[in-house]
Structures are given as C-alpha cells and as structure tokens.
Amino acid sequence: MLRYLPTLLVLALWIYAFVDCLNTPEEEVRHLPKVVWVVIVLVFGWVLVGPVAWLITGKARAVPAGGQSPARWVAPDDDPEFLKSLDRDGKKDDPRGE
C-alpha cells in the first residue's frame, strides 16, 4: 500500500491544481491566458511541473493594501477601543449616576 502513496499524492496535487485553475477568474490569472495554464497543468501534471508552476506563478495571490501583513486579531479584553466603549456604556447605565 505504501508504494502507491507517491502516485496518489501526485494525482491529488494534479487534480487540485486543475480544479483551482478552472475555478480561478480570468482576471486573477497571471503571465499566461487561463486556457494555456489549463493545458500546462494537464500535460505536465505527472512530472509535477504544471501543477507546481500554476500554484507558484499562475495565480495571483491576495496581498493586503500597502503590502503590509493583515491586521492581527485582538481579544476584546486587550482592545483599548472595546474597553473604552464598555466604560462609556457603563456610565450611561449606572443607576447611581456615578
């Protein structure tokens, strides 16, 4: 069974790259027309050149505006804006008026 694993992995990568190439909108495809990428992935799939080339260079990857990394998620108890909003809300709802 273990001797079939490399073949199955190549097949899985080939299928993934092919489906990804087909589902990618034309405006997100780089360097070559989409039809050419589909042919490259199909023809060179067994030697992994086509799928790897598609995944590395063919599809435009989302880059945040300004080239910066996306904003890190902050827990509510660490977010100063959230804590200020609680402070404002607490003063409005305080029955003692403090």
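Me: What makes up the largest nonpolar core in this predicted model?
Reply: Eight residues form the core, 8 by count: Trp-14, Ala-17, Cys-21, Val-29, Trp-37, Val-38, Val-41 and Trp-54. H1 and helix H2 (34–43) are the elements that give two or more residues to this core.

Me: Why is this set called a nonpolar core?
Reply: The name needs buried residues of the listed nonpolar kinds, joined through side-chain atoms within 4.5 Å. Trp-14, Val-29 and Trp-54 are among the residues of the set.

Me: What is Val-29 in contact with, leaving aside its neighbours within four places in sequence?
Reply: Val-29 is in contact with Thr-24, Lys-34, Trp-37, Trp-54 and Gly-58. Contact here takes heavy atoms within 4.5 Å.

Me: Why is Thr-24 called buried?
Reply: Its relative accessible area is 2%. Buried means under 20%. Thr-24 is therefore buried. This residue lies in the loop between H1 and H2.

Me: Which residues does Thr-24 contact, leaving aside neighbours within four places in sequence?
Reply: Thr-24 is in contact with Val-29, Lys-34, Trp-54 and Lys-59. Its side chain also reaches the backbone oxygen of Asp-20, at 2.5 Å. The cut-off for a polar contact is 3.5 Å.

Me: Why does Leu-8 count as partly exposed?
Reply: Leu-8 has 46% relative accessibility. Buried is under 20% and exposed is over 50%. The value falls in between, so Leu-8 is partly exposed. Leu-8 sits in helix H1 (residues 5–23).

Me: What makes the nonpolar surface patch that includes Leu-8?
Reply: The patch is made by Met-1, Tyr-4, Leu-8, Leu-11, Ile-15, Val-19 and Trp-46. Its area is about 750 Å². Patch residues need over 30% relative accessible area, and Leu-8 has 46%.

Me: Is His-31 buried or exposed, and why?
Reply: Exposed, because its relative accessible area is 65% and the cut-off is over 50%. His-31 lies in the loop between H1 and H2.

Me: What sets the phi of His-31 apart?
Reply: The phi of His-31 is positive, about 70°, although the residue is not a glycine. Most residues other than glycine have a negative phi. Leu-48 also has a positive phi, near 65°. Leu-48 lies in the loop between H2 and helix H3 (49–58).

Me: How many helices and strands does the protein have?
Reply: The protein has 4 helices and 0 strands. From the N terminus on, the elements run α-α-α-α. Of its 98 residues, 19% count as buried.

How values were computed:
Residues are numbered from 1 along each chain as its sequence is written. This is a predicted model: local features need pLDDT of at least 70, side-chain atom pairs count only at pLDDT 80 or more; totals for chains, interfaces and linings use all residues. Side-chain values use heavy atoms; hydrogens and water are left out. Patches are made of residues with over 30% relative accessible area and no salt bridge: like charges are joined within 9 Å, nonpolar side chains (Val, Leu, Ile, Met, Phe, Trp, Tyr) within 5 Å. Accessible areas come from the Shrake-Rupley method with a 1.4 Å probe; for residues, only the protein chains shown count as cover. A salt bridge is a side-chain nitrogen of Lys or Arg within 4 Å of a carboxyl oxygen of Asp or Glu. Buried means under 20% relative accessible area, exposed over 50%, partly exposed in between (1.4 Å probe, protein chains only). A polar contact is a pair of N or O atoms within 3.5 Å; within protein, one must be able to donate a hydrogen and the other to accept it, and residues adjacent in sequence count only if both atoms are side-chain atoms.
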